[in-house]
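Reader: I would like to go through this structure with you. Could we begin once it is displayed?

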Amino acid sequence: MKLLTRTTLIFLLYASVVVGAGTFGYYWLIHKLYYAYVDRTLSRRKLRVQKALRLYLHRPADLAYWHLLDHNVEFVPLRARPARSADRISQRLMYNELTGQSQPYRQLATFVTFQGRPYELQIRLSLLDTEGLLGRIVLVGVALFGVLGLGMLALQVRFNRRLWQPFYQLLAQLQQYRLNRGQPVTLPATPVQEFRELNDAVQLLLRQNQRAYRDQKEFAENAAHEMQTPLAILRTQLDLLVQAPGLTEEQAGYLESLLGVEHRLTHLTKSLLLLAQLDNQLYFPSETVDLAATVRTQLAQLQDQIRARNLTVETDLAATVPLRMHRGLLEVLVSNLLVNAIRHNHAGGQLWVSLTPALLTVENTGRAESLQEAGLFERFHKATDSPAESVGLGLTLIQRICTRCGLPLRYRYVSPGRHRQQVQLA
Amino acid sequence: MKLLIVEDEPALAAGLESYLRGQHYVCELAATFDQAQEKMLLYDYDCILLDLTLPGGDGLTLLRELQQQRPGAGVIITSARHAVDDRIAGLHLGADDYLPKPFHLPELGARVAAIVRRRRYNGANVVQAGALTVAVAARAVTIGGQPVSLTRTELDLLLLLLANQGRVISKGAIAEHLSGDAAEQFDTYETVYAHVKNLKRKLTDAGAPNYIRMVYGLGYRFDAEPA
């Protein structure tokens, strides 16, 4: 759930509870206060009536007269003194001639004696507009609550969004960040201290990250340059030397040997440099490549070698298998898989290559011992009967590339003399 | 035809010049960024060999400038860096070809010839060598007017030989040219022998004299005027 949504929901929940409960509580309290006020008023009136009774009223007809003048004061003759002498407060509906309707009244009833005779004095107060008044008071209260609540909600939403702006900007930049592009991450100034500190920490981290990557890249490039340049000179000079007129057969023999050695040295250097790059976690940009096309091309290129060893090849390749991967790495991977299957084969052996969108399988006949047991997946480890030209890095490269690109590699010694390499693509 | 060789390693530059001069190209050298920049802008070369690691600047910058000033220029990038992004960047910036070091001189010769062909003849030129006529773009070979049917590999081999006439091309160079990187891992050159033998036979069967000679087991040479 988004942060803003979460805080807003919590706030809304709290506000609803408070407003809801508050409204009821508020109403009940006002209600209680009002009636307490009414009752006090009735009590005071009772005292005034009792005083007037003693001072100004002399005949029973005066009682009736008072009632006529003020319908809210009534003297009800009693036959005898009542057992209880406490005041009674009650609510009753009575007919009001002014409005012509029955209305609620609050009534205080008490016992008085007038000229020796017992009466019940009833004092009433009209509650006609009370409910309406109370209602309106509560409405105003709720309206205030509401305005407060909504206002705070709106403020919170607007304010929170603006408050968290620097955080979201940082998040967006980090999501876009790509190590190999070496782009600087610029973050806007923010008055909030925590975000400032976060920005600083992230910038430091990214800078270090970029520096480490740059250093590794430079190292790899320099190593490549330093190692390849002498080899390039060597190759060039050999190519020129080969042109020399008047070479004797013996000299040509030495040259041939040199040329072969130079080849192996170059190939070894390239493989080692690639391994170093893979080991150093350098970034290999991906593109969409067609694995099927690569396999087909390389098989075609290796036709000569296949024929030279009299191998039978069976293929079952999907029409196209798109894959997101670094093209160079893919080509080295496929090349090494196929070359290994050819080279570690015996004359007249077999080679199976199958490719589906999920799996690449290269299977070959060969030595009667599982490669894993022979420790062949270790760097430079060569089998005892391996042809001299094999450099021993092929399997290591395959393994490293597969690890690096997230393509699980499985080797299985399927049956005696039969080896299967599988790369899982999906 | 004039070439510019931008290379800071003197032994390498000398070797390149020597070989290409033998192929009848006029070569100029530049060993630093400034020299290269100056020469590039002064003259419209048929082909430029550009080394990316130059003292004084980055080869890619030169390439960018070149694309602005001389958009049709033919450029082969040579590089020992093998940086992961170099190849993509180079080709994106308009280089015609990317030849990582170390490379064989005959291979370079073939690539330069291809670029010169593209620039001068829009690729549609015809190579004459002795009795052979090769229409490169059409991939058609005729001898005395009669077409000769060659496999793709044999034609590639023939083009390599023709681009480096009179030069000994080592078996390794041929193997690499024909089979790309995969060939690097095999030392036996049986296949090279086989292809050359087939090519020779097809040419001589069609009535041409034998232009292709083996040199002591080192490699082969195409001589239009066989001795």
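This is a predicted model: local features need pLDDT of at least 70, side-chain atom pairs count only at pLDDT 80 or more; totals for chains, interfaces and linings use all residues.

Reader: How many helices and strands does chain A have?
Author: Chain A has nine helices and 11 strands. Helices (H or I, at least four residues) and strands (E, at least two) are DSSP runs, numbered from the N terminus.

Reader: What percentage of chain A counts as buried?
Author: Of its 426 residues, 19% are buried; that is, 20 or more other C-beta atoms, placed from the backbone, lie within 10 Å of the residue's own.

Reader: Which residues of α9(A) are buried?
Author: They are G394(A), L395(A), T396(A), L397(A), I398(A), R400(A) and I401(A). These buried residues pack against α5 (249–279), α8 (327–343) and β10 (409–415) of chain A. After α9(A) comes G406(A), with a positive phi near 70 degrees.

Reader: What span should α9(A) have?
Author: Helix α9 (residues 394–405) of chain A has 12 residues and should span 16 Å at 1.5 Å a residue, which agrees with the 17 Å between its end C-alpha atoms. The expected span is 1.5 Å times one less than the number of residues.

Reader: Turning to the contact, how many residues does each chain give?
Author: Chain A gives 38 residues and chain B gives 38 residues. Two residues are in contact if their C-beta atoms, placed from the backbone, lie within 7 Å.

Reader: Which helix supplies the largest share on the side of chain B?
Author: That is α1(B), with six residues of the side that touches chain A. This side of chain B divides into 15 nonpolar, 14 polar and nine charged residues. Ala, Val, Leu, Ile, Met, Phe, Trp, Tyr, Cys and Pro count as nonpolar, Asp, Glu, Lys and Arg as charged, and the others, Gly among them, as polar.

Reader: And the open sheet of three strands in chain B, what is its order?
Author: The order is β12-β14-β13, with antiparallel pairing. Strands pair if DSSP finds at least two bridges between them.

Reader: Why is one side of β12 and β13 left without a neighbour?
Author: β12 (169–170) and β13 (212–215) of chain B stand at the edges, each with a single partner strand, so one side of each has no neighbour in the sheet. β13(B) pairs with β14 (residues 219–222) of chain B over four bridges, and I212(B) stands opposite F222(B) in β14(B).

Conventions. Residues are numbered from 1 along each chain as its sequence is written. Chains are lettered from A and ligands numbered from 1 in the order in which they are written. A residue is buried if 20 or more other C-beta atoms lie within 10 Å of its own, exposed if 12 or fewer, and partly exposed in between; C-beta atoms are placed from the backbone.
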